[in-house]
Each structure stands twice: as structure tokens, then as C-alpha cells.
Amino acid sequence: MYQRIILLFIALLVAQSNVPVSAENDLTSVILNEKRETIFVDFAVFAPENSDQVQLEVYYQVFNNTLAFKPSDDLFKAEYEINISVLDKKGKKVAGESQEKTVSVASEIKANSTTDFRVSQFTFTLDPEKYEVRFTLKDKTAGKSYTKEFEANAKNLKSKQPALSKILFAQAAGPVQASTDQFTKGNLTVVPSVSHSYGGEEDSKLLYYMEIYPGNENSENLTVQTLLRQKKGEMVYRDTLSTEVDRPVIRQLREISIVDFEPGEYELEVELQGRRGKKLAEEKGTFLIKWTEESLLEHNWNLMVRQISLIADSKEQKALEEAKTIEDRKKALKEYWAVKDPFPETPRNELKVEFYRRISYANENFGYLGRAGWETDRGRVLVRYGVPDQIDDFPFSLSSYPYQEWHYYKGGRYRKFTFVDDNHDGDYRLVYPFDGLWQTPEF
């Protein structure tokens, strides 16, 4: 995943941790050429007008820093190919399509951006059935491929029973601008949020699109009940809306403010109800509210300071801890991140974006018994050094405890971190040497 790391050599101190800070390979070294698989694939199913078939839409989102760019005249260019195959339940290919893409950007910073991306889709008209979809992206410059396979239940939406389409999480929506717009839904353009990820300064609303197919329902109105639940099951939002049954397809574009919601994983549940609250159809989907500076400032200042302590020195941490009012905290944070912004001329602070991306990744992968992933030993190492260049996993044997070795060797001094599950409980703990240095690769 990681090709090269451009280093800024900023030495930091770490409070209350066995994992030391490196001046060579830590987070404050802005990761410009860090190539990881930031590719997302999703799908939705709708009912085309005047047809008993279904419309399977497959979406993909590719971030710049996934692709290999090479200089070309005054630009940086990347070339890749997308192939999609749709197989029926017998394994027979029933549909497929390919696309060749060229991306040109003006600078190396843009080429390695962790926030710039492109979204596209494939559309297939099929008989109602369960299908297997195979998605492959081939990076022509790097000579590497990314493949994802998933099941798509293209259920019948034109039956007598009222039905709901799959939830299409969206990043943007508005009136149709051109007849060739690939994201057209009736008179709307709905751009998918393929990662189902929301939150932050510019993304304070959950946006999604669905279609209701009334079937032979003879009620004048249908009721749509919407629930939001946190991952632990607690309901945080509920509304009930009535919609008239006056057309064969009822399009629903909804937005819900998430400003007051804590970061984490949520489930969106939409239920279609008939007379006397009878459930006619239901669809569910999960989405993520990202861990961001803004959400932590609002909900848990102490947690924010503890997270930043992973990369802050003692003086910087003290300045944050002494900020008591909201205004003082905003000022302290602004000053903290401004000093570390590697490219002030760009609209985003790349270091801050990368920091919270790693916090989210650690939480998603290393949480243990109610403890957030970034607080575990593996999470702390990941926040500082990123995803390892190589992981050697050694499961349980009669002669040793389960353990993992993480290797970092592409871009700086070689480091190896060893984590041992000595309690057989899934919590891998870092063992000496805690800085990962002064070790010889065994490969």
C-alpha cells in the first residue's frame, strides 16, 4: 500500500504511552506518496418504467492516492481500467461492461491527495434475481489490480405488494443539468456516497434517495417511517411522513441533520406502512459519521486532547488542556494545526485529514471490549506510522502465543513492531522494543 513517504522530520513527544514518537516516520511526516486501497464499491436496485425487469446500478469511488500517477508534460497522469461482470446463480455471465479512464492533475500534491476522488457507475437492466458482481480496477501505470466480489439481490419491485428500492446514500443532489447525466433519477441528479461516510465541516447532513413502488395498494396515502440507530442499538432519530399514492414511482430524496450526532457507525431503517401502521416493506443501510475535529470539539473535548496527545509534544498538549471555553478551544486547535499544515496554499490541512482518517481506521479495526481502537497498542502504532508495509500473522500454536509482526520499510528507517495476544482474548499488546528500531528484517 505504501510506496514512499515524504518526511518533514518534526520531533514530537508522546505522553502516557509505550509507543514512542519517531522523527522519521510518524504522522507529522505528511504522507504524500502513500498508496493504499481507497476504493469503494456499492450498488442499488431500482425498477425502470414500463418494464418488469430491474435496474442494477453499480457505483465506484476511487481516490487519487490509490492510483499511480506519472509526469506527462506539465501534468501528472494516471490510467486505469474498470471491468464489471454480473453472474447469475449458476455462475453464468449475463452482463458486463468495461471503462478506460485517464485522470490528469496539475501537481504532485493533487496526485497524492487523500481527499480528491472520482465517482462513476455502471447500469444493467436484468431479470429479478440474486446476482454475483465482480468488480476489477486495473491500474495500468502500476500494473496492479483491485478486485471486489459481492452479492446483489435484484429483487422484483413491480409486484402487487408495495416495495422499496435499496437505499442510495448520496453525497450531493439537485436538478438534472444535462440529459446525459449518468446519475439521473427522474428530474433529479443524485451523486452516490459510495463510502457511506458523512460528517465534518462541509458534510453536516445525511443525504439519501429511495423509490417507493405502491403496487396495487389502494390506500390514498402510505406512511414512511425513518429511524436512525447507533451501532449499539440506541435510537437517536425518528420521523414519520405521509406520502400520496398518485403515481407508479414515488421518489424520495431525504436529508437529516447529523450535527448533534456523535461520531461512529449508524443504521438507517426505512419502513413503508399501510393502513393502521401495517408494515409493507423495509430497507436498511449502515453509514459512518466520521471522527473529526468538529464532532469532538462539540461532544468530547477531553477525548480530542487525548487523541492529539499521540502526536503532540508536552507544550502543545498543555496549551490544549488549558483551553476552557469553546472559543478558546477553537483558537487553540486552529493554532495547533496551522503550525503543522504542510501546504498552507491548499484549502485542506492534509495532515489533519490523514490523522482523523487513521483514527477512524483504528476504531473500525482494533476496538476491544468497549475500548476505542485508537487506544489499543496496534491502534496507536497505526495512527503514528500508518498501515504497515507488511504484516506477518502467527496464530496460536502449542509453542507460542498468537502474535503479529508489523514491518515498515518503504520510506525511512526500518521498524518492526511485535504484538502478542498473551491472554488469548484478541487484544494484541506491544512488546519490547517499543520504538520498533534496531531490528534486522527476516525476509
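Colleague: Which residues of the largest nonpolar core touch the most other members?

Modeller: This is a predicted model. As a general idea, nonpolar side chains in soluble globular proteins tend to be buried together. Here the largest nonpolar core holds 49 residues, and Leu-56, Val-58, Ile-84 and Phe-135 touch the most other members. Apart from that core lies another, of 35 residues, among them Phe-355, Phe-366, Val-381 and Val-383.

Colleague: What does Phe-135 touch, leaving aside residues up to four places away in sequence?

Modeller: With that exclusion, the contacts of Phe-135 are Ile-39, Val-41, Tyr-60, Ile-82, Asn-83, Ile-84, Tyr-146, Thr-147 and Lys-148.

Colleague: In what order do the strands of the open sheet stand?

Modeller: The order is β1-β2-β6, three strands with antiparallel pairing. Because β1 (39-46) and β6 (117-126) each have a single partner strand, they stand at the edges, and one side of each is left without a neighbour in the sheet. From one strand to the next, the twist averages 20°.

Colleague: How many bridges join β2 to β6?

Modeller: Strand β2 (residues 54-63) is joined to β6 by 10 bridges, and the two run antiparallel.

Colleague: Is Lys-416 buried or exposed?

Modeller: The cut-off for buried is under 20% relative accessible area. Lys-416 counts as buried because its relative accessibility is 8%. This lysine lies in strand β22 (residues 415-420). Not counting residues up to four places away in sequence, Lys-416 touches Glu-405, Trp-406, His-407, Gly-436, Gln-439 and Glu-442.

Definitions and conventions. Residues numbered from 1 in each chain as written. Predicted model: local features only at pLDDT ≥ 70, side-chain atom pairs only at ≥ 80, totals over all residues. Heavy atoms only, no water. Helix = DSSP H or I, 4+ residues; strand = E, 2+ residues; numbered from the N terminus. Buried < 20%, exposed > 50% of the residue type's maximum accessible area, 1.4 Å probe, protein only. Contact = heavy atoms within 4.5 Å. Core = buried A, V, L, I, M, F, W, Y, C linked by side-chain atoms within 4.5 Å. Pairing = 2+ DSSP bridges. Axes fitted to C-alpha atoms, helices over the stretch in contact; angles between N-to-C directions.
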